[in-house]
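Please walk me through this model.

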There are 2 protein chains.
Amino acid sequence: MIEDFQHVCITCRDLETSIRFYERLGLEVIEPVSELNEEAIARAFQTARGHLKVLHLAPPGAPSKMFIDLVQWLEPASMGEAYPAANHIGINHLAFRVSDIDATTAALRERGIRFLSEEPQSIGPVRTILATDPDGVFVQLLEWVQGPQATA
Amino acid sequence: MIEDFQHVCITCRDLETSIRFYERLGLEVIEPVSELNEEAIARAFQTARGHLKVLHLAPPGAPSKMFIDLVQWLEPASMGEAYPAANHIGINHLAFRVSDIDATTAALRERGIRFLSEEPQSIGPVRTILATDPDGVFVQLLEWVQGPQATA
């Protein structure tokens, strides 16, 4: 029986580049880099080999206990391009709750984070803005302004 | 400042087909379908229009408060194909913690869920198996056998 979410796996081209991005975003490494090379990984994921580097990142003290499982594949190597648009089928973006979206956006922009829009947009009960990680993965920031309700 | 994860957005081709899959998997709808058509969505996501249907799903009583934001885009329509392999760059898969992975896998297989491998695989401290949703999105089930440690 499914009990809860546990993590979201992001496959990246270069682990160090992506770690720097997610640290700048405000996450911390909660499990250091491991290099794994196991047949069980290849069997589980139906890949030719199961050789990768992985680490875990999460917002400091986040109550959800969720984490990002950040993976750079070595064999087979990480490949391809992230979804180019929000209407592309698949796990399209990962959303974080932030405390003050205007201050957060300004601070992150100073740290070199790039956003899709100039300002946060009001959609139903939230104000939201999207950033892209070094591989172009969409990362959404949200500030909840009213009670819970549907939002993209 | 980032406080926590809030949701993972899955863009799907057909909302009803995907709802049935995630309900069979054991999630429940926690926010019913809304149809939104807002310029702010187009501005936030840099799409030509901001017309979509959306609902929220989560494991019943999940402590994390995370949810899946399941979206079918109408204008522009949902398009493309989900990442075909675990080493494809992007948000590659979403992982759930389960209580008894053998029993869960057997029960889900009876409900028509398709898995990548015949049996759960042991990788470090976890036993894990991957399923695919109706669009081919990878959904991972994990049972934690030992203390926390790196896992793909």
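Through which surface do the copies meet? The model is predicted: local features need pLDDT of at least 70, side-chain atom pairs count only at pLDDT 80 or more, and totals for chains, interfaces and linings use all residues. Residues are numbered from 1 along each chain as its sequence is written, while chains are lettered from A and ligands numbered from 1 in the order in which they are written.

The copies meet through the same surface, because 100% of the interface residues of chain A are also interface residues in chain B.

Next, the contact itself. Chain A gives 78 residues and chain B gives 79 residues; two residues are in contact if their C-beta atoms, placed from the backbone, lie within 7 Å. Several elements of chain A each supply at least two residues, among them strand 1 (2-11), helix 2 (39-45) and strand 5 (90-98). Helices (H or I, at least four residues) and strands (E, at least two) are DSSP runs, numbered from the N terminus. Strand 1 of chain A brings the largest share of its side, 10 residues.

Strand 1 of chain A also pairs with strand 5 (residues 90-98) of chain B, antiparallel, over 8 bridges. Pairing requires that DSSP finds at least two bridges between two strands. Val8(A) stands opposite Leu94(B) in strand 5 of chain B.
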